[in-house]
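User: I would like to go through this model and ask, for each label attached to it, what the label rests on.
Analyst: Let us look at the sequence and the structure, and then take the labels in turn.

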Amino acid sequence: MKKIISVSVSLILLITSIFSTRIITLCAQVTDIEKTQLGSTQTYYSFDAGTKTLTISGSGETPDYVNNSSSQPWYLWRSDGSIENVVVEEGITRLGSYFLFCVCAQSISLPQSLEKIGSYALAGNNLATEIKLGNNLKTISNNAFYMCIKLERVSIPKSVTYIGSGAFEECTMLNCVEFGSMNMSLSISSRAFMACGSLKSIDIPKGASLAAYSVGYKSQTVGDIYTDLSVGVYRDSGAYSYATNNNLNCRILDSMVIYEGDIISCNSYSDSADITVNYYFTPKASSYFSFSSSGAVDVDCILTDSLGSTVAQSTDISQDNLNFSISCQLNAGEQYCYTVTSRHSAGDYTLSLVPADLDRVEIDWSFSYTADLFEDGSIDIAALIDGKSVNFIYESGYIHSVPFKDGGEFAGYTMSYNNLLNSRVTCGTNTDSITVGEQALEFSINIEHSYTQAVIPPTFSNGGYTLHTCVLCGKKYTSDFTEQLSGDYFGKVYIMSSPDNSYFSQGTAAEIDIYDLDGKKIGTTDENGYFYITAYQAIVIKSEFGPARTVAVDKSNRDLGSIPIVLCDFNNDGYVNAKDYSIFRTAYGGYDKNEDLLLASLDINKDGIIDDNDWEYALSFAAYGKIDESIYNTAE
């Protein structure tokens, strides 16, 4: 008796504990929440307590959250009944990982702008029976709808190319999965629809690839399949191999609904029998449409209307071409059937359905870069445009986008790159083109200047400034100007052309240092030979390539005039001879627009090159004999 009482008390305590814990975790949201930013993104949330509606607004991607993390703003009230409706507004392109994890709303509305659903983003919902997906959705990430136990049906838009691992795993009430097109290409990852016990029938698109346990399995165990599941597959598809290899009950599909612009990859798997498939098409607008085949398989086609009457038929285009082509007027809203039969031949072929009346072909390509990415001007434009969309626009208004491939073809139109720029660009707008059929289509590559900066200090003849130079095109501009230097005395240093104290009018001496009589440096000539200094009694002009010159200061005249100096004794031994010529040629010969102003002074004739023509001025000093400061006195 004591034992029974003890067990009863323990059970009561356990129930009380569970109930108490449940009460503690409940934190109903009963007040409105104004629009609040989600992290550092451009997305926001708000809550209307009256309608129990959580609204997600803004643009771009919402944040990622972590499982069971309070970083979810609605974490404490996500599953207590506070939220009955979730509205994700247009502009949101991605729901982050765990974004609405365990948010148990009865209604979830997703926008057409949504392109990706993150991992576990909608998992754990135990109330919603259907969640409609927008027509621009491309990716359903791993476990996105994991354990949405009330979810009954889902329609996968034809835009989806990837369904992640465990995306709909353990959606135990899921009984209807439809795909926007049976011609769509997508990857269905492992366990995507595992443990979906209510799913009794599913048709897999022709272009789908499936991974282990993705459809038809109770658990991740070899052979643990649903024997009451019927999988519809096309005989020439990857889904057929998946179903047969896993012993699933499969049905062979022999018909498909197709749409404008569809390109259908086919395989005739038998060369001993005719294989027939029906393709159903309902035009949205009345127009001429072309349905044709290409490949090495013998195929023909019969087109019938909704009453089963033959509208047109085509066998081989010619004796040498086993393909077919049917072009005719079709009426909007009426269903037509293209019955395609391969005749005793095995191999690959392609079917395409396009409006027959092409209005125009357009591209909308524009690329923008900064010049620092192309300092040598070279660019691989062919790689840049590969895969960009070429739009074939038909009179019906239908636009079919084809990825560009140099030398590729669509509907009889060959596409080629013209390479007008020869893989080089410069700053500004660069125009290149492709040709589609006979039509040239231009596109632009816009390059924005990228500038280096060099600070040019002020001199005695010019002000200072910052020089900006584009790394690609060399365009220059200046800024940050400062005033030129000033001093008590000024003058200009020239290169002495002969011992008679004459000088070259163009032979200015730049970057020549000037000292006072105490040996203190008091200035340097600028690029034009000018100097402004403060001095007493005299100045001493020194160069690396000749004797120094002392010039007396006349306090009554601030202008010291033009002062010639010698620049040809390169080893400073007092003689101008073959040794100096050798140094001149080997060390400085071939100068070409060098930024060294001192070396630029040796370019006597200012033709941009230091050569024998510049050495001619030194010959008179070679004949003069020993030279020192006295040469200036003698000349004067």
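**Labels and their grounds**

Analyst: Ser97 is found in the loop between β6 (92–95) and β7 (107–109), and the model in which we see this loop is a predicted one.

User: Why is Ser97 called buried?
Analyst: The relative accessibility of Ser97 is 16%, and the label applies under 20%, so Ser97 counts as buried. Leaving aside residues up to four places away in sequence, Ser97 touches Pro63, Asp64, Tyr65, Gly118 and Ser119.

User: How do you know whether Ser352 is buried or exposed?
Analyst: Ser352 lies in strand β26 (residues 347–355). Its relative accessible area is 19%, and since buried means under 20%, Ser352 is to be called buried. The contacts of Ser352, not counting residues up to four places away in sequence, are with Asp262, Ile263, Ser290, Phe291 and Ser292.

User: What makes Tyr338 a buried residue?
Analyst: Tyr338, whose place is in strand β25 (residues 336–342), has a relative accessible area of 0%; the cut-off is under 20%, so Tyr338 is buried. Beyond four places in sequence, the residues touched by Tyr338 include Ile258, Val277, Tyr279, Phe289, Cys301 and Leu353. Tyr338 and Ser396, which are 58 residues apart in sequence, are 20 Å apart in space, C-alpha to C-alpha.

User: Which residues touch the most other members of the largest nonpolar core?
Analyst: That core has 72 residues, and the ones touching the most other members are Trp74, Ile140, Phe145, Ile156, Ile163 and Phe168. The largest share of this core, four residues, comes from helix α2 (residues 238–245). Apart from it lies another core, of 38 residues, with Met496, Phe531, Phe545 and Tyr632 among them. As for Ile140, its contacts beyond four places in sequence include Ile117, Leu133, Phe145, Ile156, Val160, Ile163 and Phe168.

User: How do you know that the buried residues of α2 line one face of the helix?
Analyst: The buried residues in α2 are Ala239, Tyr240, Tyr242 and Ala243. Seen down the axis of α2, they fall within an arc of 165°, so they line one face of the helix. What these buried residues pack against is a set of strands, namely β15 (207–210), β16 (230–233) and β17 (249–252). Just after α2, Asn247 takes a positive phi of about 60°.

User: What makes β16 and β17 a pair?
Analyst: Two strands pair if there are at least two bridges between them, and β16 and β17 have four, in the parallel sense. Within this pairing, Gly232 has Arg251 in β17 as its bridge partner. The chain crosses from β16 through α2 to β17, and this β-α-β crossover is right-handed.

User: Why are β4 and β15 called edge strands?
Analyst: They belong to an open sheet of seven strands, in the order β4-β6-β8-β9-β11-β13-β15, with parallel pairing. β4 (60–61) and β15 each have a single partner strand, so one side of each is left without a neighbour in the sheet. For β15, the pairing with strand β13 (residues 185–188) is parallel and runs over four bridges, and Ser185 stands opposite Gly207 in β15.

User: Which strands stand at the edges of the sheet of five strands?
Analyst: This open sheet has the order β28-β34-β33-β32-β31, with mixed pairing, and its edge strands are β28 (366–370) and β31 (409–410), each of which pairs on one side only. β28 and strand β34 (residues 439–448) run parallel and are joined by five bridges, with Ser444 in β34 as the bridge partner of Ser366.

User: What makes β43 and β44 a hairpin?
Analyst: Strand β43 (residues 538–543) and strand β44 (residues 546–552) run antiparallel and are joined by five bridges, while two residues lie between them. Val540 stands opposite Thr550 in β44.

Conventions
Residues are numbered from 1 along each chain as its sequence is written. This is a predicted model: local features need pLDDT of at least 70, side-chain atom pairs count only at pLDDT 80 or more; totals for chains, interfaces and linings use all residues. Side-chain values use heavy atoms; hydrogens and water are left out. A nonpolar core is a set of buried Ala, Val, Leu, Ile, Met, Phe, Trp, Tyr and Cys residues joined through side-chain atoms within 4.5 Å. Buried means under 20% relative accessible area, exposed over 50%, partly exposed in between (1.4 Å probe, protein chains only). Contact means heavy atoms within 4.5 Å. The arc is that of the directions from the helix axis to the C-beta atoms. A crossover is right-handed if, with the strands pointing away from the viewer, the path from the first strand over the helix to the second runs clockwise.
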